Amino acid sequence: MSEDRLTFKEMCARFDVTPRTLRYYEYIELLQPERDGRSRYYSRREIARMKLILRGRKFGFPLEDIRQWLLVYDQHGSEAQLREWVGAADRQLDELFEQRRQLDEAIGELKDLRNETAKNLRIPSV
């Protein structure tokens, strides 16, 4: 496997994605591999884009937001892309903190209800 260029199968293995996922990323134009007949080859650029896509997904960003970051890079360069990303990261952090608050609240309520019910059944609390 060359670090400069990966085949379709190598790309799937390297990033632990299904062929269907990789084809979908191509379909929505997040990735644009080189084609040689029916074969696809992914350059360093596409490998870097895939890293960004997967990192964005890990942090909960929608694919459309990721697509926009890639477009900003293509049209305006890396500084503009990084500035756009910082704004998006701030918004996503706000969203994640709110989700955490809601989850902590739900956990507390469930724990209280569970313990109240367990007390009536003489089961130890957690």
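Author: Start with Glu26, which lies in helix 2. Helices are DSSP runs of H or I with at least four residues, strands are runs of E with at least two, and both are numbered from the N terminus. This is a predicted model: local features need pLDDT of at least 70, side-chain atom pairs count only at pLDDT 80 or more, and totals for chains, interfaces and linings use all residues. Residues are numbered from 1 along each chain as its sequence is written, and side-chain values use heavy atoms, with hydrogens and water left out.

Reader: Why is Glu26 called buried?

Author: The relative accessible area of Glu26 is 9%. Buried means under 20%, exposed means over 50%, and partly exposed is in between (1.4 Å probe, protein chains only). A value of 9% is under 20%, so Glu26 is buried.

Reader: Which residues does Glu26 touch, leaving out those up to four places away in sequence?

Author: Phe8, Leu31, Pro33, Arg35, Arg40 and Tyr42. Contact means heavy atoms within 4.5 Å.

Reader: Phe8 is on that list. What makes Phe8 buried?

Author: The same test applies. Phe8 has a relative accessible area of 16%, so Phe8 is buried. Its place is in helix 1.

Reader: Which residues does Phe8 contact beyond four places in sequence?

Author: Pro19, Leu22, Arg23, Glu26, Arg40 and Tyr42. Phe8 and Pro19 are 11 residues apart along the chain, and their C-alpha atoms are separated by 7.9 Å.

Reader: Now the sheet. How do you know that strand 1 and strand 3 pair?

Author: Count the bridges. Two strands pair if DSSP finds at least two bridges between them. Three join strand 1 to strand 3, so the pair qualifies. The two strands run antiparallel. Leu6 has Tyr42 as its bridge partner in strand 3.

Reader: And what joins strand 2 to strand 3?

Author: Three bridges again, in an antiparallel run, with strand 3 covering residues 39–43. Opposite Glu34 stands Tyr41, and opposite Arg35 stands Arg40. This hairpin has two residues between the strands, and Gly37 takes a positive phi near 70°.

Reader: In what order do the strands of the open sheet lie?

Author: The order is 1-3-2 for the three strands, with antiparallel pairing. Strand 1 (5–7) and strand 2 (34–36) each have a single partner strand, so both are edge strands with one side left without a neighbour in the sheet. From one strand to the next, the twist averages 30°.

Reader: How do helix 1 and helix 3 pack?

Author: Their axes are 12 Å apart, at an angle of about 35°. Axes are lines fitted to C-alpha atoms, for helices over the stretch in contact, and angles run from 0 to 180 degrees between N-to-C directions. From helix 1, Met11, Arg14 and Phe15 meet Glu46, Ile47, Met50, Lys51 and Leu54 of helix 3.

Reader: How do the two helices lie on the sheet?

Author: Helix 1 lies across strand 1 and strand 3, at about 100° to strand 1. Helix 3 also lies across strand 1 and strand 3, at about 75° to strand 3.

Reader: How do you know that the length of helix 4 agrees with expectation?

Author: The expected span is 1.5 Å times one less than the number of residues. Helix 4 has 14 residues and should span 20 Å; its end C-alpha atoms are 20 Å apart, so the two agree. Helix 3, with 15 residues, reaches 21 Å, close to the 21 Å expected.

Reader: Which residues of helix 4 are buried, and what covers them?

Author: Leu63, Ile66, Trp69, Leu70 and Val72 are buried. The cover includes helix 2, helix 3 and helix 5 (78–121). Just after helix 4, Gly77 takes a positive phi of about 95°.

Reader: Last term. What makes a nonpolar core?

Author: A nonpolar core is a set of buried Ala, Val, Leu, Ile, Met, Phe, Trp, Tyr and Cys residues joined through side-chain atoms within 4.5 Å. The largest one has 21 residues, and Met11, Leu22, Met50 and Ile53 have the most contacts inside it. Helix 1 (8–15), helix 2 (19–27), helix 3 (44–58) and helix 4 (63–76) each give two or more residues to this core. Beyond four places in sequence, Ile53 touches Tyr25, Leu30, Leu31, Leu63, Ile66 and Leu70.
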